[in-house]
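Have the coordinates open as you read. The walk below goes from one chain to the next, then to the contacts that join them.

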Amino acid sequence: METILEARALTKDYEDFSLRGISLEVRRGSIAGIFGPNGAGKSTLIKVLTHQVPHRTGTVRVFGQSYEEHEPGIKNRIGYVPQEPAFYMDRSVRWTARFAAPYFANWDGSCFYKLLDDFKVNPLRQVKHLSGGQRKLLSLALALSHGADLLVLDEPTAGLDIVYRRALLDRLRAFVADGDRTVIVASHITDGLDEIAEDVWFLNDGRIVTHEDKDELLSRWKWIHFREGALPRAVEDRLKNVRRQPFGSSGLTDEFCELRDELATALAAGDARLENASLEDILLTQIKEE
Amino acid sequence: MDPILRRSLIWYLLHLMTYSGILGRYLIVGSWQAFEIIPLFMPVWLISSVVWSEREESYAFLRVLPITDRSIVRTKFMLILSITVVYWLLMEGVTLARQGSGVAGGPSTLTFITLACVYALLLGACFQVGYWRFGASVVTPAGVVYMGLNLALAIIHTASLRFEPDWPVLAQSAPIRWLSDSLWLSHLVLVALALLVFYGLMRIGFRIKTSSEACL
Amino acid sequence: MQAKQLFISLLPSNPDPMYKQATDQIKDAIATGDLGPGDRLPSVRELSEALKVSAITIKRAYLDLETEGYILTRAGLGSFVADVDRNILRERKLGEVRAEMRRIVRTGSKFGITLDDIIRLTRQLEREPYGDDSGS
């Protein structure tokens, strides 16, 4: 599996927050999701990965190259949609496209205007008169119109209504469909990006807490609802977030594959029931354990 | 033309036109005092050009595009240099043209103009780098304050020249006379030094632009 | 007295609405003897707080149970398990098993699993009801 983006031991310091030693590798053709609570450092990490802000130590290599040596080449192939896109505010959408176009080697103007049409953004409007969501869509249109191999999005669904959100997810899926292009997205889990993510990173307090294939993650973690005393002691001791109620207890496990056999008896007897854990449940549990 | 250059150039050209149209014409029709005063206003125009061009600049947007910080710095610095050269050529040209009529003060006026342009050039470069280091919220007010001070001093000098009989004439002061004794040499040295410092400021600009987030 | 504690878990992922899950699980509890005739059901508030569902859901479940004759509600005293005819309980469960069996038989025939296979399996399971599922 080719690595499209590789980060090693990234650190960055702000007054009240730091990225501490972040390393990650994104496979080509995948949709990588970076999730975490507010203040976890998602935006900072994305900005470091796309060379928007400098970092203190560590390296970032994209397409096998470093920004120090190949910045324009790399940025030509990245479509970046920031959390709060910046533009020349007093200019029109069309002016913005005309400004940006000469810098891209593979600018596709017809694609850009078709996207604007789909997104219902008027090319003649001044950027400062666009809503926050429309500016995001403009940023997205730019990102998709220059033949980028790698799309990087920072909280792309914030400020978009559910119809656009769904359309965006479909678009991202289609983007990676042929296995050549890659998507990296940073978001709150509840924004729906967890649906399409294939590789999942959990970020908390400037550090990566978990990194795993999403399907494997979801198959390992399960909620078990059980009648008091129905589970073997050894199994019950290994559960997390145990909640005891008069009419049934519940607990979370991340070792479902190993515990499956020991649970078989209780499950078959109807003394235990399984439920899927959401990514949110998993992230919250990991944060609490930190 | 490079889009960044095109966007900034308009402001610089506008300033050049107002400078020439409002002030510069006094060099053509005015007395020797014009050559003493007009160059003092030039730094104000240059700093104003920088301030206006940086006003709505969007470095965060530029960071998204495939442009290196170095090329941005180079573009802005070359613009400042080119426009200063144009100011310098215009003023020196008019001075030389009017030397025959005995109005202009000769070599010392030429030196004075060169010094004013060198000063404006380096000051402009400092402000430009300042924008990257400290951001518009700090440097724009600083620029406005500077322009106010410069204008005030120039106006005071103008008024004093008119009303104070013994008010010193800068273009005739001792250091400038000394420099203009060997006109070509001093010009060469001045220009070389100016370009050297300018280049040094540009290198500092490279470092600051890549590592600073203040302008984003 | 109850031999085992009442065990109810309402899962959002289950296609049945919550109130129906509650109703079904209480009926099961009555059928297996976890709840005997005359036993007092938890109050609506008790149960809804424990299961983290709205009181309306539990109220609806209790209403349905009463309509179908499984429980009796006495104002001020609470809800109690009715004296339900065991045969009715058995018939209900039989209906569920029948639906499961139909599914198994139909699926099996698609994969070439015969009735003999199914009967043989049933016998095996009868001998070891709560054993390991990994063998065949």
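In chain A, take the contacts between residues at least 6 apart in sequence: 71% of them join residues at least 24 apart. This is a predicted model. Chain A holds 10 helices and 14 strands. Its C-alpha trace spans about 70 × 40 × 40 Å along the principal axes. Of the 290 residues in chain A, 41% are buried.

Chain A touches both other chains discussed here. Start with chain B. The contact takes 18 residues from chain A and 14 residues from chain B. On the chain B side, two elements give two or more residues each: α3 (59-64) and α8 (183-211). The largest share comes from α3(B), with 4 residues. By class, this side of chain B has 7 nonpolar, 4 polar and 3 charged residues.

Now the contact with chain C. Here 15 residues of chain C meet 15 residues of chain A. The chain C side that touches chain A divides into 9 nonpolar, 3 polar and 3 charged residues.

Go next to the helices of chain B. In general, a packed pair is described by the angle between the two axes and the distance between them. Helix α4 of chain B covers residues 69-98, and helix α5 of chain B covers residues 107-134. Their axes come within 10 Å and cross at roughly 165°. An angle over 145 degrees counts as roughly antiparallel, so α4(B) and α5(B) are roughly antiparallel to each other. The crossing of α4(B) past α5(B) is right-handed. On the α4(B) side, the contact includes B:F77, B:I80, B:L81, B:T84, B:W88 and B:M91. On the α5(B) side, the residues include B:L110, B:I113, B:C117, B:L121 and B:G124. The contact of α4(B) with α5(B) has 12 nonpolar, 6 polar and 2 charged residues.

How does α5(B) pack against α7(B)? The angle is about 105°, and the axes are 8 Å apart. Helix α7 of chain B runs over residues 174-181. Angles of 65 to 115 degrees count as roughly perpendicular, so α5(B) and α7(B) are roughly perpendicular to each other. From α5(B) come B:P107, B:S108, B:L110, B:T111 and B:F112. They meet B:I176, B:R177, B:L179 and B:S180 of α7(B). This contact of α5(B) with α7(B) has 5 nonpolar, 3 polar and 1 charged residues. B:L110 takes part in the contact with α4(B) and also in the one with α7(B).

Between α4 and α5 of chain B lies a loop, and B:G100 is found in that loop. Is B:G100 buried or exposed? B:G100 has 8 other C-beta atoms within 10 Å. A residue with 12 or fewer counts as exposed, so B:G100 is exposed. B:G100 and B:F61 are 39 residues apart in sequence. In space they are 53 Å apart, C-alpha to C-alpha.

Finish in chain C, at helix α1 (residues 18-32). This helix has 15 residues. From its first C-alpha to its last, α1(C) reaches 21 Å, close to the 21 Å expected at 1.5 Å a residue. Among the buried residues of α1(C) are C:Y19, C:A22, C:Q25, C:I26, C:A29 and C:I30. What covers the buried residues of α1(C) includes α3 (55-67), β2 (78-81) and α4 (86-110) of chain C. Just after α1(C) comes C:G33, which takes a positive phi of about 95°.

Definitions and conventions
Residues are numbered from 1 along each chain as its sequence is written. Chains are lettered from A and ligands numbered from 1 in the order in which they are written. This is a predicted model: local features need pLDDT of at least 70, side-chain atom pairs count only at pLDDT 80 or more; totals for chains, interfaces and linings use all residues. Axes are lines fitted to C-alpha atoms, for helices over the stretch in contact, and angles run from 0 to 180 degrees between N-to-C directions. Angles under 35 degrees count as roughly parallel, over 145 as roughly antiparallel, 65 to 115 as roughly perpendicular and the rest as oblique. A crossing is left-handed if the near helix is turned anticlockwise from the far one by less than a right angle, and right-handed if clockwise. Two residues are in contact if their C-beta atoms, placed from the backbone, lie within 7 Å. Ala, Val, Leu, Ile, Met, Phe, Trp, Tyr, Cys and Pro count as nonpolar, Asp, Glu, Lys and Arg as charged, and the others, Gly among them, as polar. A residue is buried if 20 or more other C-beta atoms lie within 10 Å of its own, exposed if 12 or fewer, and partly exposed in between; C-beta atoms are placed from the backbone. The expected span of a helix is 1.5 Å times one less than its number of residues.
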